[in-house]
Amino acid sequence: MTAAVGMRRPATAGTSARWARTALRTLLIVVVCLVVVFPIYWMAVAAVQPTASTLRYPPSLVPTSFDLSGFRDVFANLPILRWLSNSAVLAVVTTVITVVLSVLGGYVLSALYWPGKALFGLLLLVTQMMPEAVVIIPVFQLYNDLHLVQSLIALAFLHAAFVLPVGVWILRSAMDGVPAEVREAALIDGCGHVSVLRRIVLPLTVPAVIAVGIVAFFASWGEYLFAVTMISDSDKYPASVGLATLIGQLDTPVQQLLAGGLVYALPPVVLFVLVQRHIVAGLTAGAVKG
């Protein structure tokens, strides 16, 4: 009997340790979720209740009364639909440019052998360490000299330039997972590199291509610094810049601003929900070879 009790103690201690780790992990997840979700929750609460209730101290964490006039005013008094359409054009063009160039760049880094390939790939990553604020003035001067300011298409190329290194590395990792023997067999059979890329590599890396497209779309949709610097024509404002014009030194329509922010946040949220499984599969493609 004593021996049996003695044999159970290590199992009980191990179970307690697992419970403690699980509880700690759950607590950390809950804290992180609260930190991430609470600003979005507060934006939604402030958008559906009167401004006086939002600014009251101490604030109520649940709506005490409902007032949807903020949404009505956003669509009636502001060109929110034009701002959203400008953002959509900007994000779609950025996505197309980024995906096309990332596919070509990823294949060149993955399948071809040329001097300086490793150094070039490293330099691509180094560009991601440079803050946008550091280059904004010379880039604006260059665009102004080339008469490219006030152009959403030109701004899309600028957005793509900053997302492209990430896209190239994601696709390079995914294309590294395609066996070299498959590519070499196709080349021996007479396919060129373009044909190998189109017929063999791309079909095997579709999730990674979708992931790159989503990353580019989100980056362009939420970008503000380059947009507010390059676009001063109010008819061409993307939504990020248009909504920021509501913020004034003397008066800011809080309810309209947050209602507009909620509408602005919906398209990328819906897109993420629709393609989230492709994002996870694409970002982890090539992580394990063999």
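A: Helices here are DSSP runs of H or I with at least four residues, strands are runs of E with at least two, and both are numbered from the N terminus. The model is predicted: local features need pLDDT of at least 70, side-chain atom pairs count only at pLDDT 80 or more, and totals for chains, interfaces and linings use all residues. Residues are numbered from 1 along each chain as its sequence is written, and side-chain values use heavy atoms, leaving out hydrogens and water.

After α6 comes H147, whose phi is positive, near 60°.

The buried residues of α6 are V135, I136, V139 and Y143. Buried means under 20% relative accessible area, exposed over 50%, and partly exposed in between, with a 1.4 Å probe and protein chains only. These buried residues pack against α7 and α11, where contact means heavy atoms within 4.5 Å.

A nonpolar core is a set of buried Ala, Val, Leu, Ile, Met, Phe, Trp, Tyr and Cys residues joined through side-chain atoms within 4.5 Å. The largest one has 36 residues, of which W83, L84, L155, L158, M230 and L243 touch the most other members. The helices that each supply at least two residues include α6 (132–145), α7 (152–176) and α11 (225–230). The most comes from α13, with 6 residues. Not counting residues up to four places away in sequence, L84 touches W221, A239, V263 and Y264.

W221 also takes part in aromatic pairing. Rings of Phe, Tyr and Trp (its six-membered ring) pair if their centres lie within 6.5 Å; planes under 30 degrees apart count as stacked, over 60 as edge-to-face and the rest as tilted. The whole structure holds 7 aromatic pairs. F217 and W221 have ring centres 5.7 Å apart and planes at 15°, so this pair is stacked. Both lie in α10, 4 residues apart, about one turn of the helix. W221, at 7% relative accessibility, counts as buried. W221 and Y264 are stacked as well, at 5.5 Å centre to centre with 15° between the planes. That pair links distant parts of the chain, α10 and α13, 43 residues apart.
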